[in-house]
Amino acid sequence: MDRIFSALLLSLLLLLQSYGVCGAPPQPRGTLCRTKPTDLVFVIDSSRSVRPHEFEKVKVFMSRVIEGLDVGPNSTRVGVINYASAVKNEFSLKTHQTKAGLLQAVQKIEPLSTGTMTGLAIQFAISRVFNDSEGARVRSPNFNKVAIVVTDGRPQDGVQDVSARARAAGIEIFAIGVGRVDMHTLRQMASQPLDEHVDYVESYSVIEKLTHKFQEAFCVVSDLCATGDHDCEQICVSTPGAYKCACKEGFTLNNDGKTCSACSGGSGSALDLVFLIDGSKSVRPENFELVKKFINQIVDSLEVSEKQAQVGLVQYSSSVRQEFPLGQFKNKKDIKAAVKKMAYMEKGTMTGQALKYLIDNSFAVINGARPGVPKVGIVFTDGRSQDYITDAAKKAKDLGFRMFAVGVGNAVEDELREIASEPVAEHYFYTADFRTISKIGKKLQMKICIEEDPCECKSIVNFQTKVEDLINSLQQKLEAVAKRIEALENKII
């Protein structure tokens, strides 16, 4: 057993020694998505609390999801249930067999504007809509039965038992909550795993952001690399419904996402990085903890020292508070500990005031900033600013600061774009859900890493991924070997 472990460990050490600084992570390039045949039913809350203009946002969301589907009698069929105090079958799974027909029908749906009988709506879906007389197909592994429930309040009836019956009948339930929805109710309705089937958005104005998730959920893998339908110069990597281009060792992927250039092996540069974090009341304490993890995720990717990266942290709400200035902490461990200790401010959202503080104080020499060192600001917010941001946002960029804008939930995308440096598409990020901000963190890890040679920076992600994969493989092999040895010992006994 010891010899086997030593051999596996040697494999890991050889990888660590031989892994070069070059090679870029693959970038998304093309998409081609075929959706698995599905009986899909939207169960839409149009109770009194859903205002007419908000209901229009729900219709846009449904339309966007439908646009990404393969619609037809032998592929995906779509029905819509509209409910309040009563339930209305807007159209069944057999009514419209074309995408155009479905989109037109969705536009004609009107809100009912009374109570919230969610349990009754789910029961209606089981007994009426997912019925062969209404176009539903017999349960089979060849296609899915899916219900997407959208609601913004607490139901006036029970949902737990009826949802359990729906799931037992083979219906996969996604539960989307908006605003003041009861999260416990969403979890009672949704299929497992809950983190994949429960979604929350702060308001109907951002529900459309969930479109991409559902388009991916219904997508069947299509291997574009195998068909040759790609334009990668060196390596094509298949992903669900899409492909990515990558480069061989010794090369880095160019900005066009498809061609490669040879690496020359450079060295790291100094960086002054300041986080500007929204601590307003709308963030909520549990989400503020996720924001702190997001900050430390970025810190983990930096080389922190007096000569390389320095990190500062500012929190703002109705006022601005410096948590710690640039250069106060000389290593990652101390920075991350200080971030974890940061107390949540609550109150308002004065983003303009915070940007002015960044300009006048955070990047000042008296507060630890170094002359001639690149300055990077990461602004994180979850709502509309209560003050004017235009002048301060422009001044930060005019002074040469590289500004990233990260928005969650009710963040206003026009404001985020105004804060972000050019090109805006590379400096502005948005997600509807705090739980997904770690994905943005991974993207920022690459973008804020300033190198004389970008190959060295990009290799960090490649390196970490390779080592993690090898360690996982080693662990699996060790477990398998241990089981075989145990079996042999039992036979000998």
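Phenylalanine 380 is buried in this predicted model. Its relative accessibility is 0%, and buried means under 20% relative accessible area. Phenylalanine 294 is buried as well, with a relative accessible area of 1%.

Seven is the total for aromatic pairing: a search of the whole structure finds 7 aromatic pairs. One of them joins phenylalanine 288 and tyrosine 344. The ring centres lie 5.0 Å apart, and the planes meet at 25 degrees. Planes under 30 degrees apart count as stacked, so this pair is stacked. Phenylalanine 288 belongs to helix 10, which covers residues 285-300. Tyrosine 344 lies in the loop between helix 11 (332-341) and helix 12 (351-362). The two residues are 56 apart in sequence, so the pair ties together separate parts of the chain. Both phenylalanine 288 and tyrosine 344 are buried.

Phenylalanine 294 and phenylalanine 380 also form an aromatic pair, and this one is tilted. The centre-to-centre distance is 5.4 Å, with 50 degrees between the planes. Phenylalanine 294 lies in helix 10, while phenylalanine 380 lies in strand 17 (residues 375-381). This pair links distant parts of the chain, 86 residues apart.

Aromatic residues also group together. Phe42, Phe61, Phe174 and Phe214 form one aromatic cluster.

Notes. Residues numbered from 1 in each chain as written. Predicted model: local features only at pLDDT ≥ 70, side-chain atom pairs only at ≥ 80, totals over all residues. Heavy atoms only, no water. Phe/Tyr/Trp six-rings, centres within 6.5 Å; stacked < 30°, edge-to-face > 60°. Helix = DSSP H or I, 4+ residues; strand = E, 2+ residues; numbered from the N terminus. Buried < 20%, exposed > 50% of the residue type's maximum accessible area, 1.4 Å probe, protein only.
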